[in-house]
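I opened this notebook to record what I looked up in the structure shown below.

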Amino acid sequence: MTLRELSAIASACFIIIGTVWYIYAAIRGDKVKPVLASWVIIAGTMSLSFATYWTSPHHSLVSNAANAASVIATLSILITVFWLNVYNRNAIKFSKFQKWCLLISGLIALFWVTIVWIFHGTGIVPNILTQILMFVGYLVTAEKLWRSTKNTESLFTWSCIMFGCAIGLYTGIISGDGLAIIYAGRATCTSATIVWLMCRIEQRNRLLVAQKTNYEAM
């Protein structure tokens, strides 16, 4: 087995392990509080990312294993979160931005179908457009975490995603796959930002607890 294949397997394993833990934590409901609307967007754009990549000239399951594993991961989480919402009788609510993401995703999908099936082109441009949309979506999540005083996501899961995507970036580089590099590079940067913001919330809360304890001890 080559180093390229080993790195692809390692990348997928990190993502899957993080997913299994997230599903477990979401079902327990102790700390992780997933929002159905958010996972609809994430799973949809992730699937669109891999679908458009697969119609590019030099697609490879090994080169872009991180994206393939992420499709399985996000769809699994989406199914779990949907079941939890049905069980708890929670209504799905989309924010204005999420509605725009759904609309733009639909337009990109239509653009992709038109290029590939009507004009017999490739999915390169739709794939890059999808990465831009996902980047903007993560920026909105990052902005919310920056303002938030409570972490409702799993630090372990996002750390696994970050490491998995970083390894996936290495796989894309040694494979010479431009779209895989763009995907993994974007995913590594965005997931690392999310991890840093969650650590920031946890650290800030620990400091507040310590300050409160010191004040009460005075």
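Entry 1, surface. I looked up a nonpolar surface patch of about 770 Å², made by F111, I124, V125, I128, L129, I132, F135, V136, L139 and I182. Such a patch takes residues with over 30% relative accessible area and no salt bridge, nonpolar side chains (Val, Leu, Ile, Met, Phe, Trp, Tyr) being joined within 5 Å. Areas are Shrake-Rupley values with a 1.4 Å probe; a salt bridge puts a side-chain nitrogen of Lys or Arg within 4 Å of a carboxyl oxygen of Asp or Glu.

I note that this is a predicted model, in which local features need pLDDT of at least 70 and side-chain atom pairs pLDDT 80 or more, while totals for chains, interfaces and linings use all residues. Residues are numbered from 1 along each chain, and side-chain values use heavy atoms, without hydrogens and water.

Helix 5 (residues 124-147) brings eight residues, the largest share of the patch; helices are DSSP runs of H or I, at least four residues. V125 lies in helix 5 and counts as partly exposed because its relative accessibility is 46%, between the limits of 20% and 50%.

I found one cavity of 30 Å³ or more, a cavity being a set of points on a 1 Å grid where a 1.4 Å probe fits but cannot get out. The largest cavity holds about 170 Å³, counted as the space filled by probe spheres set on the points. Its lining has 19 residues, each with an atom within 4 Å of a point. Helix 7 gives the most to this lining, five residues.

Methods
Patch = residues over 30% accessible without salt bridge, like charges linked within 9 Å, V, L, I, M, F, W, Y side chains within 5 Å. Helix = DSSP H or I, 4+ residues; strand = E, 2+ residues; numbered from the N terminus. Buried < 20%, exposed > 50% of the residue type's maximum accessible area, 1.4 Å probe, protein only. 1 Å grid on protein atoms, 1.4 Å probe; cavity = no way out; pocket = protein on both sides within 12 Å on 5 of 7 lines; lining within 4 Å.
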